Amino acid sequence: MKCDSIQTTICQERKKDPIEMFHSGQLVKICAPMVRYSKLAFRTLVRKYCCDLCYTPMIVAADFVRSTKARDSEFTTNQGDCPLIVQFAANDARLLSDAARIVCPYANGIDINCGCPQRWAMAEGYGACLINKPELVRDMVKQVRNQVENPKFSVSVKIRIHDDLTRTVDLCRKAEATGVSWITVHGRTVEERHQPVHYDAIKIIKENMSIPVIANGDIRSLKEAENVWQITGTDGVMVARGLLANPAMFAGYEETPLKCIWDWVDIALELGTPYMCFHQHLMYMMEKITSKQERRVFNALSSASAVLDYLTEHYGILLPKLY
């Protein structure tokens with residue numbers, strides 16, 4: 001776990017408490033947990049473009065607790081990386097609470113992944129299978145609450161919906177009674193992938209809850225975010241792929257501006273982002289602003305130096321050389 005000399009008091013001093021943000025009456029704009037992608041460099045970028053709250057990628061709590069190597073590779077932060085929620089995949093209350101205690105000094109809260117539909121996660125008892133195990137979710141929330149002393153430390157959950165929405169409402173009510181800080185709802189069932197998002201279901205869930213509810217699913221622009229916020233009555237919106245394609249989305253840009261690309265290069269190089277990640281993010285960002293032929297050439301580049309040369313040649317962006 002790399003924390004760039006963070007003091008253990010920083011979390012208590014963070015000026016933006018997510019709970020207070022959700023009760024502000026303003027749209028809270030959130031970067032979703034994205035495996036491989038929502039790491040420190042990308043979080044730093046989207047925060048420059050009006051993102052209010054960021055999540056880490058999903059981290060397996062058991063590995064995080066048991067392995068120093070896992071902690072160092074999976075969780076990196078710094079003083080500007082706030083407010084921050086660390087998302088864990090977990091199926092054991094004790095291991096989750098141990099993981100929460102480790103990150104507590106460096107984050108505003110943790111989130112329990114109850115929505116990942118990937119087969120490996122569900123086979124391990126993580127992710128979306130937990131929407132059918134409300135007692136386990138209750139136990140995990142209670143254990144974290146008992147073990148983390150900071151009363152402002154949030155414990156949230158991210159879920160998918162059931163085919164029978166009454167089961168989802170029941171799950172959310174039980175989670176609320178247990179002390180969950182807020183709930184993020186991805187408006188699809190476990191089986192659904194690219195089908196339309198059930199925003200009507202998110203609205204019904206929100207109407208049955210007293211705690212904040214966050215809407216998630218297929219939001220590609222600030223206008224869409226504002227629309228979903230209005231029609232669901234939720235307290236914020238969470239975006240994944242829309243931000244990958246356009247990290248400046250929350251600032252109102254319809255496509256990635258060149259300034260944002262320049263910012264990404266600057267941030268990624270400064271933080272030592274591995275080339276594969278550095279390049280992949282640029283591939284996402286530039287998809288809408290490049291032709292098919294240009295993408296074919298750019299996507300085949302194999303070094304940071306080649307990427308910098310390409311950007312300088314095609315977009316006149318003057319960037320530092322790596323050689």
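**Exercise 1.** Determine which residue UniProt lists for "active site" and whether this residue is buried or exposed.

*Solution.* Step 1: the unreviewed UniProt entry lists Cys-116 for "active site"; such annotations may be inferred rather than shown by experiment, and the position is given in the numbering used here under a shortened feature name. The model is predicted: local features need pLDDT of at least 70 and side-chain atom pairs pLDDT 80 or more, while totals for chains, interfaces and linings use all residues. Residues are numbered from 1 along each chain as its sequence is written, and side-chain values use heavy atoms, without hydrogens and water.

Step 2: Cys-116 is found in the loop between β5 and α7 (119-123); helices (H or I, at least four residues) and strands (E, at least two) are DSSP runs, numbered from the N terminus.

Step 3: Cys-116 has a relative accessible area of 9% and is therefore buried (under 20%; exposed is over 50%, partly exposed in between; 1.4 Å probe, protein chains only).

Step 4: leaving aside neighbours within four places in sequence, Cys-116 is in contact (heavy atoms within 4.5 Å) with Ala-121, Met-122, Gly-127 and Ala-128.

**Exercise 2.** Identify the buried residues of helix α6 (residues 93-103), what covers them, and the residue that caps the N-terminal end.

*Solution.* Step 1: the buried residues of α6 are Ala-93, Leu-95, Leu-96, Ser-97, Ala-99, Ala-100 and Val-103.

Step 2: their cover includes α4 (61-66), β4 (84-89), β5 (109-114) and α8 (134-147).

Step 3: Asp-92 caps the N-terminal end, with a side-chain oxygen 3.0 Å from the backbone nitrogen of Arg-94.

Definitions and conventions
Polar contact = N/O pair within 3.5 Å; in protein donor to acceptor, adjacent residues only side chain to side chain.
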